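Work through these exercises with the sequence and the model side by side. Each task is followed by a stepwise solution.

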Amino acid sequence: MQKRYHLVYSSKKKLSCNGWRFCSASQKEENQILITAYYDFSTEICINQCLAAPKRAQYGGGIIVNPEFNEGTKGWTGTGEGTIREGVSEDGNRFIVVQNRTDPLDSFSQTVQLEKGNFYTFSAWIQVRKGSVTVAVLFKTSDGKLMHVGESLAKQGCWSLLKGGMVAKFSSLVEILLESKNIGVDIWVDNISLQPFTAKQWRSHQEKSIDKVRKTKVKFHVTHANKTAADGAVISIEQTMSGFPFGCGMNHKILTSTCYQEWFASRFKVTSFTNEMKWYSTEKRQGEENYTIADAMVKFAKQNGISIRGHNILWDNPEMQPKWVKDLPPEELAKAATRRLNSVVSRYAGQLIGWDVMNENLHFNFFEDKLGENASSLFYSMAYHLESNTTLFMNEYNTIEYSRDRAPTPSKYKTKLEEILSFTGNAGLKAAIGLEGHFSAGQPDIAYMRSSLDILGAMRLPIWLTEVDIGKGPKQAQYLEDILREAFSHPAVEGIIIFGGPEISGFDVMTLADAEFVTTPVGEVVDKLIIEWKSGTIQLRADARGWSEVSLFHGDYEAKIYHPLTNSSSSIRFKVTKGTEHITVFLQSDA
């Protein structure tokens with residue numbers, strides 16, 4: 001018996017900012033259900049662009065009154081000492097101008113009703129009269145509490161997209177406000193939108209996005225040797241490897257527990273070590289390097305086909321340096337840090353899928369304070385020239401998980417990473433976005449998380465959630481599932497690593513199995529999603545023309561073909577990859 005097959009790939013069409021979708025006011029009234037049924041991921045294409053003219057209000061403005069200022073300033077009032085007026089561009093476009101500002105919150109406002117449990121996505125187009133400033137959107141409650149929803153960099157001479165989101169944890173009236181700490185500039189705003197979605201609609205967005213970005217249609221065509229259709233041929237398909245990296249953190253305790261090893265290797269094919277590769281673990285005393293534990297963990301991972309993200313080369317937190325490093329004078333610190341980088345990168349060259357080069361350099365600036373403002377950029381350059389094919393991450397916390405932390409906002413993250421990439425010698429650097437994802441106990445703000453991923457996704461770089469966990473609480477398992485589903489469904493996310501493990505591992509925030517390795521409720525969520533995000537085993541039957549079709553998750557597959565009449569069988573292996581619309585597998589066999 002002989003068999004032949006080949007795969008035919010069809011490339012996807014790229015979106016452009018011109019593909020921005022919007023509805024007019026009349027369309028909104030006629031098609032309200034249609035408008036609220038989808039989430040416009042296409043906006044991420046526009047985030048990196050500063051446009052001569054703003055795009056129309058997303059979702060027709062949603063619940064905003066007079067979102068495009070076609071009726072002047074109707075529905076809007078000035079706040080504080082600032083004044084508002086109508087602006088008109090040369091082509092007749094109307095917008096609102098906030099001027100005479102004496103306080104960061106001097107802007108305009110409109111009061112809207114939030115409904116508990118709804119997911120809200122916000123967008124607006126902003127510009128400033130001169131320079132460039134950060135502009136944030138805030139919601140103010142009746143008791144004066146301010147909630148940060150999103151922010152962006154507004155520039156002179158062109159329109160930038162301000163994007164944000166929040167999950168309403170209460171039903172209340174809130175005021176929409178803008179904030180800019182630079183009170184000396186006038187702010188121009190146009191085409192504002194606030195669109196609510198129910199939890200059911202939000203889940204529908206996730207499911208539709210997963211079908212679109214994590215799966216590909218595969219067509220099978222089975223024929224006999226004489227080219228006639230193999231009507232009734234049975235095709236059994238099994239996914240042997242997931243194409244999406246969904247992994248788990250690992251620590252040194254895995255080296256002394258066979259049960260921990262078996263538990264881990266049966267679930268995960270990608271990992272980061274929690275502490276074992278860090279500088280304070282490998283060089284506790286100056287000049288005395290010890291990689292014994294890290295080497296043993298690398299060996300275990302390689303033996304079990306587990307890929308490793310290197311974590312980390314350097315850490316900008318002054319409290320996370322080896323004790324002997326903290327008080328080194330600048331010249332000695334530069335030499336020590338360079339030796340460290342050369343040592344660890346060279347030692348594991350070719351064995352890792354990526355490195356966190358300078359950890360948490362938005363919250364902290366130990367090396368910048370000691371060595372100058374370009375310290376991070378310089379160390380990325382060093383790592384790049386040592387291992388040019390390795391992906392280099394900028395790893396940070398609270399960028400997606402906590403909107404009130406203004407240090408690592410998506411806008412600031414983007415600015416910092418662009419600064420690193422534009423540094424002399426860094427052209428061609430394979431960069432990636434690392435978002436730790438340490439969520440506190442309580443309901444995560446999934447809407448803010450999505451808007452943050454949209455903003456960073458516009459950079460067209462791989463995004464990984466690198467250390468995902470959520471604080472203990474009665475709904476810990478449910479909230480973890482919400483976070484993981486949101487990440488997996490987002491088109492820009494290319495990998496997830498959770499920080500948890502069995503009780504023996506010592507992950508005290510998120511325990512996935514107890515001392516007897518019985519799965520906890522949180523662990524059940526992880527196991528469920530591992531299964532759900534694979535195609536499993538599927539059986540198809542060819543039609544009268546020999547065709548059969550199925551949508552499969554990306555990854556590696558084995559297919560067995562059997563024809564009950566001729567009693568012939570064969571098997572093939574194939575790969576379903578991201579970036580193709582469909583794959584056609586042509587098969588021919590001789591019985």
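**Exercise 1. The second largest cavity**

Which elements each supply at least two residues of the lining of the second largest cavity?

Solution. 
- Step 1. Keep in mind that this model is predicted.
- Step 2. Find the space. The second largest cavity holds about 50 Å³. The count of cavities of 30 Å³ or more is 4.
- Step 3. The lining consists of Lys-278, Trp-279, Tyr-280, Asn-312, Ile-313, Leu-314, Trp-315, Met-320, Gln-321 and Pro-322.
- Step 4. Assign elements. α6 (279–282) and β16 (307–315) each give at least two residues. The largest share, 4 residues, belongs to β16.
- Step 5. Sort by class. The lining of this cavity has 7 nonpolar, 2 polar and 1 charged residues.

**Exercise 2. The second largest pocket**

Determine which residues lie nearest the centre of the second largest pocket, and which elements contribute to its lining.

Solution. 
- Step 1. Go to the centre. Of the 37 lining residues, Ser-242, Gly-243, Phe-244, Pro-245 and Phe-246 lie nearest to it.
- Step 2. Assign elements. Two or more lining residues come from each of β13 (234–242), β22 (493–498), α14 (521–532), β27 (555–563) and β28 (568–576).
- Step 3. Sort by class. The pocket lining divides into 19 nonpolar, 10 polar and 8 charged residues.

**Exercise 3. Helix α4 against α13**

Describe how α4 packs against α13, and classify the angle.

Solution. 
- Step 1. Locate the pair. Helix α4 covers residues 199–213, and helix α13 covers residues 476–489.
- Step 2. Read the geometry. The angle is about 40°, and the axes are 8 Å apart. α4 is therefore oblique to α13.
- Step 3. α4 and α13 cross in a left-handed sense.
- Step 4. Name the contacts. α4 uses Trp-202, Arg-203, Gln-206, Ser-209, Ile-210 and Val-213, while α13 uses Asp-482, Arg-485, Glu-486, Phe-488 and Ser-489.
- Step 5. Sort by class. The contact of α4 with α13 has 4 nonpolar, 3 polar and 4 charged residues.

**Exercise 4. Helix α4 against α12**

Which residues of α4 and α12 meet?

Solution. 
- Step 1. Read the geometry. α4 and helix α12 (residues 446–457) pack at about 35°, with axes 12 Å apart.
- Step 2. The crossing of α4 and α12 is left-handed.
- Step 3. Name the contacts. Trp-202, His-205 and Gln-206 of α4 meet Ile-446, Ala-447 and Arg-450 of α12.
- Step 4. Sort by class. The contact of α4 with α12 has 3 nonpolar, 2 polar and 1 charged residues.

Key:
Residues are numbered from 1 along each chain as its sequence is written. This is a predicted model: local features need pLDDT of at least 70, side-chain atom pairs count only at pLDDT 80 or more; totals for chains, interfaces and linings use all residues. Side-chain values use heavy atoms; hydrogens and water are left out. Axes are lines fitted to C-alpha atoms, for helices over the stretch in contact, and angles run from 0 to 180 degrees between N-to-C directions. Angles under 35 degrees count as roughly parallel, over 145 as roughly antiparallel, 65 to 115 as roughly perpendicular and the rest as oblique. A crossing is left-handed if the near helix is turned anticlockwise from the far one by less than a right angle, and right-handed if clockwise. Contact means heavy atoms within 4.5 Å. Ala, Val, Leu, Ile, Met, Phe, Trp, Tyr, Cys and Pro count as nonpolar, Asp, Glu, Lys and Arg as charged, and the others, Gly among them, as polar. On a 1 Å grid over the protein atoms alone, a cavity is a set of points where a 1.4 Å probe fits but cannot get out, and a pocket is an open set with protein on both sides within 12 Å along at least five of seven lines; lining residues have an atom within 4 Å of a point. Grid points are joined across faces, edges and corners, and a volume is the space filled by probe spheres set on the points.
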